Amino acid sequence: MGKYFGTDGFRGEANVVLTVEHAFKVGRYLGWYFGKEKKARIVIGKDTRRSSYMFEYALASGLTASGADAYLLHVTTTPSVSYVVRTEDFDCGIMISASHNPFYDNGIKIINNQGHKIEAEVESQIEAYIDGEIEELPLATGEYIGRTVDYAAGRNRYMGHLISLATRSFKDMKIGLDCANGSASGIAKSVYDALGAKTYVISNEPDGVNINTNCGSTHIEQLQNFVKENHLDVGFAYDGDADRCIAVDENGNVVDGDFILYVCGKYLMEQGKLAGNTIVTTIMSNLGLYKACDKIGMNYEQTAVGDKYVYENMMKNGFVLGGEQSGHIIFSKHSRTGDGILTSLMLMEVIMEKKQSLAKLCEEVKIYPQLLKNVRVTDKKTALDNRAVQKVVEDVAEALGNDGRILVRESGTEPVIRVMVEAATDETCVQYVNQVIQVMEAEGLAV
């Protein structure tokens, strides 16, 4: 990770960590970088946070000041920016979002012309420009100054693309959608309505400060209750920028990314469409997923946490399905990044084709109890390198043996250390997670 750019872009509290001046400089550099030999064309999307409008204008100002044309998709999803970039000949795309974070945070994700996250070397050059390590870039003048273009049509084409992927009507299916008061609010219901579903929607009235607030994929309990109260067939929850999807079955049970990978992977394998009979997971996937895969002969790869790493593995090895427990799922035939709405459509395809409920499709996966706690720290590296912390982690791993595992890692986007234990019982998970956290606190590492 760089100084500003983490695993998911440049992210932090708006005008505290990520400032409007940062956004202007990102725009200035990208406009110059892609405009060295031609007029650069760069597309911008944003989520519903209040600060997203401020950052949109700052980025557009920087781009046009460097001579690039900025095409504005307005409020849209991260995967829609990826789709538009790769299908409509843009030099790169920018998504303004802090994903599942609270409204006061924001972020800048840069997407290359192939539709996936920009190369690390470009991010490092942007960081050098922000820090004044690169000489000031020339300003465009006269007719070479860039322009801004309303490009809502690009978002509409993305919606048409989603609708075209469905192989059958969803007529008479009662489907709940939790749009997290974010990017999916103006897209998801229209897609499902067009496919004939009886669509029930919550958290689709964004006001700039309610994005992800007690709703969406990180607060799934609201959708669980909604599905049960309204006797729905299935529910889907997205996050702020709609690149994640967590489902809820007809009984109100949570169907996370591990279940989704299993259900969709098994279906594709049965169809002869799962390359190498392999799904790509991260180190956070549950042991229960792997045991279920072993039973049906489905192979799996493990990567570091982050859909960026999942996608890199998929591209390197030609795999077609991968993702994270958190709901970032990549169907490489259709997308270059996690796409929450697409993921829900692919799950619906399995439900409709197999004529089985989501609960039935998931019953072969027996999930191990898992507990994840975040510890806010002053310095992530110091916390991970602490000898007492390393010792307690080693002791827990030895105690768990083959009946569980412990994973302690730093967040790529926040000043926190994530402590996760998987074991045979909830009590064991609580015991060992707390044991590690107590050592971190005793060592003065926790804030």
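## Reading the pockets of a predicted model

Tutor: Before you ask your questions, notice that strand S17 gives the most to the lining of the largest pocket, with 5 residues, and keep in mind throughout that this is a predicted model.

Student: How should I picture that pocket, and what is its volume?

Tutor: A pocket can be described by the space it holds and by the residues around that space, and here the largest pocket has a volume of about 1200 Å³, with a lining of 47 residues. If you want to find its centre in the structure, look for Arg 244, Gln 325, Ser 326, Leu 372 and Arg 409, which are the lining residues nearest to it.

Student: How do the lining residues of the largest pocket divide by class?

Tutor: They divide into 15 nonpolar, 17 polar and 15 charged residues.

Student: How much space lies in the second largest pocket, and which residues lie nearest its centre?

Tutor: The second largest pocket holds about 480 Å³, and of the 22 residues that line it, Arg 11, Gly 12, Thr 413, Glu 414 and Pro 415 lie nearest its centre.

Methods:
Residues are numbered from 1 along each chain as its sequence is written. This is a predicted model: local features need pLDDT of at least 70, side-chain atom pairs count only at pLDDT 80 or more; totals for chains, interfaces and linings use all residues. Side-chain values use heavy atoms; hydrogens and water are left out. On a 1 Å grid over the protein atoms alone, a cavity is a set of points where a 1.4 Å probe fits but cannot get out, and a pocket is an open set with protein on both sides within 12 Å along at least five of seven lines; lining residues have an atom within 4 Å of a point. Grid points are joined across faces, edges and corners, and a volume is the space filled by probe spheres set on the points. Helices (H or I, at least four residues) and strands (E, at least two) are DSSP runs, numbered from the N terminus. Ala, Val, Leu, Ile, Met, Phe, Trp, Tyr, Cys and Pro count as nonpolar, Asp, Glu, Lys and Arg as charged, and the others, Gly among them, as polar.
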